[in-house]
Amino acid sequence: GGELIARGTESDSIFFIQNREGIRWETIKFIDSSVDATYDSDSNYVSGSIIEYARIEGAGNSGIYCGYASPFIFRNTIIDNKGGGIFLYYSSPTISENKISDNESNWGGGIYCEKSSPMISNNTISGNTAGNGGGIYINLYDGFYSPKISGNIISCNTATQEYRGGGIDGGIHYNSTSSIKLNFNNI
């Protein structure tokens, strides 16, 4: 809960990593009492919870967990987390310009999105592994949620369950206004 403002720079990143070999830390958790990010009319960040220019590595759970919370997740490296890169549950964060790679989970190795309306744009989501949805797993079965996914590079992700979407997998209800824009250039 509360407000987390973790703003590094390109040359001076913030590190959320293991402090001892072989022992993983838990997760960065935003919950319903967290202060959501706010934006101006041009979609520029104004205030609220933000993680920018951080390296989030070696969590035993998701690197970032959002439950009923919507921080700004911007320009981070989210790598080698055992519960996936980012877990969303009833949340609507902006997730932009991150490198999300080499994470593992049963569902959504890079990003798990359940009953949420995030803006996921201009990220590189690669080398993640999950039973279902190696890169992104979406669960929107009741139709009230509308994730927007565009401008991402989603490559070299693996689903260990047969026919379960190495890149993107999940269920989107027919009433959802979800938008997934795919560009198949340079494949």
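Student: In what order do the strands of the six-stranded open sheet run, and how do they pair?

Tutor: General idea first: two strands pair if DSSP finds at least two bridges between them. The strands (E, at least two residues) and helices (H or I, at least four) are DSSP runs, numbered from the N terminus. Here the order is E2-E7-E10-E13-E17-E21, with parallel pairing. Before we go on, this is a predicted model, where local features need pLDDT of at least 70, side-chain atom pairs count only at pLDDT 80 or more, and totals for chains, interfaces and linings use all residues. Residues are numbered from 1 along each chain as its sequence is written, and side-chain values use heavy atoms, with hydrogens and water left out.

Student: Which are the edge strands, and what does the twist average?

Tutor: E2 and E21 (153-155) are the edges, each pairing on one side only. From one strand to the next, the twist averages 5°. For that kind of angle, axes are lines fitted to C-alpha atoms (for helices, over the stretch in contact), and values run from 0 to 180 degrees between N-to-C directions.

Student: How many bridges join E13 to E17?

Tutor: Three, between E13 (residues 99-101) and E17 (residues 124-126), which run parallel. If you want a place to look, Lys 99 stands opposite Thr 124 in E17.

Student: On to the core. Which residues touch the most other members of the largest nonpolar core?

Tutor: In soluble globular proteins, nonpolar side chains tend to be buried together. A nonpolar core is a set of buried Ala, Val, Leu, Ile, Met, Phe, Trp, Tyr and Cys residues joined through side-chain atoms within 4.5 Å. Buried means under 20% relative accessible area, exposed over 50%, and partly exposed in between (1.4 Å probe, protein chains only). In this model the largest core has 26 residues, and Ile 51, Ile 56, Ile 64, Ile 86 and Ile 111 touch the most other members. Elements giving two or more residues include E3, E7 (54-57) and E8 (64-67), while E19 gives the most, with three. There's also a second, separate core of five residues, including Phe 72 and Phe 74.

Student: What is Ile 56 in contact with, leaving aside its neighbours within four places in sequence?

Tutor: Contact means heavy atoms within 4.5 Å. Among the partners of Ile 56 are Phe 16, Trp 25, Ile 28, Ile 64 and Ile 78.

Student: How many salt bridges are there, and which residues are linked in a network?

Tutor: A salt bridge is a side-chain nitrogen of Lys or Arg within 4 Å of a carboxyl oxygen of Asp or Glu. The structure holds six, and Arg 24, Asp 80, Lys 82 and Glu 104 are linked in a network. Arg 24 reaches Asp 80 at 3.3 Å, a pair 56 residues apart that links distant parts of the chain. Asp 80 also bridges to Lys 82 at 3.9 Å, and Lys 82 meets Glu 104 at 3.1 Å. Because Lys 82 sits in the loop between E10 and E11 and Glu 104 in strand E14, that last pair ties together parts 22 residues apart in sequence.

Student: How many disulfides does the count come to?

Tutor: A disulfide is a covalent bond between the sulfur atoms of two cysteines. The rule here asks for a pair of cysteine sulfur atoms within 2.5 Å, and the count comes to zero. As for burial, Cys 66 is buried at 0%, whereas Cys 156 is exposed at 68%.
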